[in-house]
Amino acid sequence: MSIELKMPALSPTMEEGTLARWLKQEGDAIGIGDVIAEIETDKATMEFEAIDEGTLGKILVAEGAEGVKVGTVIALLATDGEDDSTTAVRAEPVEAAPAAESSVAPIEAPVKQVAKPASQAVTDPAIPAGTGFTSTPVREALRDAMAEEMRRDDRVFVMGEEVAEYQGAYKVTQGLLEEFGPKRVIDTPITEYGFAGIGTGAAMGGLRPVVEFMTFNFAMQAIDHIINSAAKTNYMSGGQMRCPVVFRGPNGAASRVGAQHSQNYGPWYAAVPGLIVIAPYDSADAKGLMKAAIRSDDPVVFLENELVYGRSFDVPDVDDYVLPIGKARIVRAGSDVTIVSYSIGVGFALDAAQQLAEQGIDAEVIDLRTLRPLDKQAILDSLAKTNRLVIAEEGWPTCSIASEVMAICMEEGFDHLDAPVLRVCDEDVPLPYAANLEKLALIDAARIVAAVRRVCYAD
Amino acid sequence: MAKPAMTRKNKPKSDAAEDRDFALHSLQEAHQQSPRYAATADEMLTFYEQMLLIRRFEEKAGQLYGLGLIGGFCHLYIGQEAVAVGLQSALSEGLDSVITGYRDHGHMLAYGIDPDVIMAELTGRQAGISHGKGGSMHMFSTQHKFYGGHGIVGAQVALGGGLALAHKYREDGGLCLAYFGDGAANQGQVYETFNMASLWQLPIVFVVENNQYAMGTAVRRSSAETEFYRRGTAFRIPGMKVNGMDVLEVRGAAEVAFKHVREGNGPVLIECSTYRYRGHSMSDPAKYRTREEVQDVREHKDPIEGLKKVLIEQGRAEDDLKAIDKAIRARVAQAADFAENSPQPDRQELYTDVLVGEY
């Protein structure tokens, strides 16, 4: 029997090439691995090797022929036919190739994802009547969450720069070394790329690491592992590989630390499928969502804010306070306009709402809490109620969470809009050092008030 | 005269310091004393079969690529078979973990993972080990503790450090074998990982598969120190230089290195000198080396031919070896047939495995 030798593809994009040279002639005996011909494109030359034994039969494409399409039969190889039927190349594989098939397949709308529970189905756990509250700084709420999870699950450990003996660069890990020891509270060298990879690998190996970045600015050195290793591997493995890691640390502008140390990475990470991105504002949410993040089987980016660490908020005195990931929260109910925000922006939004109330405008404030998956329904439900929406974000405006919320309102809430959605973001510049310039660059309550008045046509 | 003072200064300060420096070379010395593993006849035949399976599988993959059945990037392991087979044969199955880069087909096959599901992944089919969502560079088998299959050069080294940390944390006695190439050896995160692995005495064996070229760049054009096994010295990681074209030498080195790591002495760095016969990936201009150079390695250093010679010397009939080759060809042809005829992934597969939880 004879095998058809076909023009091979040298690269994913190659469609045709030149048959530069025949190195074997008709009638030559061919052994496995023998180079039969040389194929050229404008980029590369490839040797065409035999994978079957036999005798070179008819040469169908002459040496020097240009523009030979991939898959064209260029020669025949006669084999002894002993039992080579299984190794014979089939005549129609090019037609069966996935690329070719997809190009002729009728265009169909992608099938919808499996229906998920509606927004209302999962809510914050009810706090029983009579429950006490303890005013707690955000940094302690975060620490308490980590400590509780470490007590509950011995796979949980913390690693990062200065997390152990120094007690945390921002004191978020204070006391953990004393309780859990150096095996579970690990000081790393200053080596973000390396320890983000080690943390991710440890999660793949079955542990539950909490990887602290001293600030998320330094995580840019490690972003490859967060995105390429942590976020994508479960998908690429067809669901085999778990990566339950939490990357946490302060994010956003601090105070007078300049452009390299002042940036909101929320939109960066929220753009990546396979990641959970959480950015809480107050202490109760910080605690409840940190516990949920550590328990999640998915990789989580947990964005804190240095300026909020020291602020105290009530935390309910309940055992095991765990909040649902992916659910926004109405932090102030109102009827005239919706202000959507997250992280430190929620504080500005609440200030603005207070000022607006004094001006006769009743604003609803929504804290997104989770940036991915984003609670679209909470935004749309509030918009349906107030018909006006402003989003306040401590971060750059371009390709921001604000942009995303505006797109959602256009695509799915258009009929409810009585005014264009406005965004209040930082100025579109690297953050300056000078006190006056820094103040000018960052969002504040006054700018939110002004935007709300515009969407309410109050001026 | 300053001379006596200088002489004193160059002397080791204490016996302890001397011992620690000695440890950096001791594994290499142990290996050199008896480089080849004394394999039993059965073991040797298994090595031969495994290497031949990788060779024939990769040849078939190259062929399927040429036919358009495999797309994208496809990095073949032909020429390097002795490295994966020699090292992985020394692992404790179900205990130790393995991680590598994108040239990963051989490592999967060396584990005895079904060629059907590997080939079906290459053709992007539902039956592929990653359901067609990973492709050539992204294959995993958590069942075998094979953790991929990583496409970013050098990333697997840090991830391997994490797998090793998990072994130590759990005190399960396992080690991680982390492979990377001479190209990845110049990535910064490799040295970040060396530092932490040595500092924390992690149970990890770093393996540089030095196939002489990072894509088209020869090691001497990319690396100030081309003796890669020395590169752990600054981190107090002992190094070993191994002939990666001889499966018995590779296995011999594995015995020495794994023992050292299992005894709690921290990481070892093995450099396996090897050679890839094919291009870096399928689209390789092959302009950076001569055909004679490749041919010379094939004729004189081929790992499969080398072992074949030993087998024949030991009395194996050539016909028996031919029969093995024939059976392997049939097995590979069957895998190709399976991969070609398996259905493409279901459309619903597009949305699965993005997240584990529901939120």
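1. Glu16(A) is in contact (heavy atoms within 4.5 Å) with Thr41(A), Gly67(A), Val68(A), Lys69(A) and Val70(A), its neighbours within four places in sequence being left aside. With one of these, Lys69(A), the side chain of Glu16(A) makes a polar contact of 2.7 Å. A polar contact is a pair of N or O atoms within 3.5 Å; within protein, one must be able to donate a hydrogen and the other to accept it, and residues adjacent in sequence count only if both atoms are side-chain atoms.

2. On the basis of the notes: this is a predicted model, in which local features need pLDDT of at least 70 and side-chain atom pairs count only at pLDDT 80 or more, while totals for chains, interfaces and linings use all residues. Residues are numbered from 1 along each chain as its sequence is written, chains are lettered from A and ligands numbered from 1 in the order in which they are written, and side-chain values use heavy atoms, with hydrogens and water left out.

3. Glu16(A) is found in strand S2 (residues 16–22) of chain A; helices (H or I, at least four residues) and strands (E, at least two) are DSSP runs, numbered from the N terminus. Its relative accessible area of 39% makes Glu16(A) partly exposed, on a scale where buried means under 20%, exposed over 50% and partly exposed in between (1.4 Å probe, protein chains only). The C-alpha atom of Glu16(A) is 54 Å from that of Pro324(A), 308 residues apart along the chain.

4. Thr136(A) belongs to strand S9 (residues 133–137) of chain A and is buried, at 10% relative accessible area. Its side chain reaches the backbone oxygen of Thr134(A) at 2.9 Å.

5. The contact between the chains takes 89 residues from chain A and 71 residues from chain B. About 6600 Å² is buried between them, carbon and sulfur atoms giving 58%; buried area is the accessible area (1.4 Å probe) that two parts lose on being put together, summed over both.

6. Three salt bridges are found across the interface of chain B and chain A, a salt bridge being a side-chain nitrogen of Lys or Arg within 4 Å of a carboxyl oxygen of Asp or Glu. Glu38(A) forms a salt bridge with Arg291(B), with 2.2 Å between the closest N and O atoms. On the side of chain B that touches chain A, H7(B) gives the largest share, ten residues.

7. Thr193(B), in helix H8 of chain B, is buried with a relative accessible area of 0%. Beyond its neighbours within four places in sequence, Thr193(B) is in contact with Ile198(A) from chain A, and with Val157(B), Ala158(B), Gly161(B) and Phe206(B).

8. Helix H4 (residues 81–88) of chain B is largely enclosed by the rest of the structure, because eight of its eight residues are buried.

9. Over all chains there are zero disulfides, a disulfide being a pair of cysteine sulfur atoms within 2.5 Å. The sulfur of Cys243(A) has its closest cysteine sulfur in Cys176(B), 15 Å away and too far for a bond. Cys243(A) is buried at 4% relative accessible area, and Cys74(B) is buried at 0%.
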